[in-house]
Amino acid sequence: MKDFEKAIDYRFNNKNLLREALTHSSYANEHRDKHIKHNERLEFLGDAVLSVVVAEYIFENCPKLPEGELTKLRSSLVCEKALYNFGKQIGLGSYLFLSKGEKNGGGADRPSIVSDAFEAVIAAIYLDGGLEAAKKHILRFVIPELKNQNKKPFKDYKTTLQEIIQKNPGERIEYKLVSESGPDHDKHFVFEVHLNSNVIGKGGGRTKKEAEQNAAREALELMGY
């Protein structure tokens, strides 16, 4: 556990909290006579702390994103896949207390087990050192992941939508500006994308191109793509 404290750069006052966070239910069931606590209750609390910290951070640092986009972004940062990757960065699986069967079955590298343990560790830090300590731990992983997401290749939703519509001869796509607001240095445009005469998507952005892309993106989502 000392090695794990070094890995997460946090030293526990209450070592029992750390032990509980790293203990899978299979290990506790295998050692029932010793009345060992497993991490499922901590996982429940950690999930809540994680959600609040991530929601607050993206709310403050992504001021241009509307509520729907904030929700999608938060979900991408707290989902099992993201937490599993965070756990792998610190070798979390190798520190877990697992039953012999679970360990032999590859439990130390199972996404559900590692991601749940990651949330349990968050709760343990929160209970041991308070919200600021938990926030520092969480943002250590979240901030780089956000930067990584921003570097992902640009998706041309307009081209994708056009290619889909062209499969149906006679269909025509048109983008119409419906509103423009804000000073010259901070404009906000809203566009609608029309299929023939029907509105199939709407989107906003700081530039006309961005707004058109977001309108096409909404249209694709509504069409199930």
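**Entry 1: a pair across two strands.** I started at Val-190 and found that Val-190 stands opposite Gly-204, a residue of S3. I am working from a predicted model, so I read all of this as computed geometry. Next I looked up the pairing around that spot: S2, covering residues 188–195, runs antiparallel to S3, and seven bridges link the two.

**Entry 2: the whole sheet.** I then stepped back to see the order of the strands. The sheet is open, has three strands and reads S1-S2-S3, with antiparallel pairing. Which strands stand at the edges? I noted S1 (173–181) and S3 (198–205); each has a single partner strand, so one side of each lacks a neighbour in the sheet.

Entry 3: I looked for what packs here and found helix H10 (residues 157–165), which touches S1, S2 and S3. The direction of H10 makes about 145° with that of S1. Helix H11 (residues 208–222) lies across S1, S2 and S3 as well, and I noted that H11 runs at about 135° to S3.

**Entry 4: Glu-5.** I moved on to helix H1 (residues 2–8), where Glu-5 has its place. Is Glu-5 buried or exposed? Its relative accessibility is 9%, and the cut-off for buried is under 20%, so Glu-5 counts as buried. I wanted to know which partner its side chain has, and found a polar contact with the side chain of Lys-15 at 2.7 Å. Leaving out residues up to four places away in sequence, I listed what Glu-5 touches: Tyr-10, Arg-11, Phe-12, Lys-15 and Leu-18.

Terms used:
Residues numbered from 1 in each chain as written. Predicted model: local features only at pLDDT ≥ 70, side-chain atom pairs only at ≥ 80, totals over all residues. Heavy atoms only, no water. Pairing = 2+ DSSP bridges. Helix = DSSP H or I, 4+ residues; strand = E, 2+ residues; numbered from the N terminus. Contact = heavy atoms within 4.5 Å. Axes fitted to C-alpha atoms, helices over the stretch in contact; angles between N-to-C directions. Buried < 20%, exposed > 50% of the residue type's maximum accessible area, 1.4 Å probe, protein only. Polar contact = N/O pair within 3.5 Å; in protein donor to acceptor, adjacent residues only side chain to side chain.
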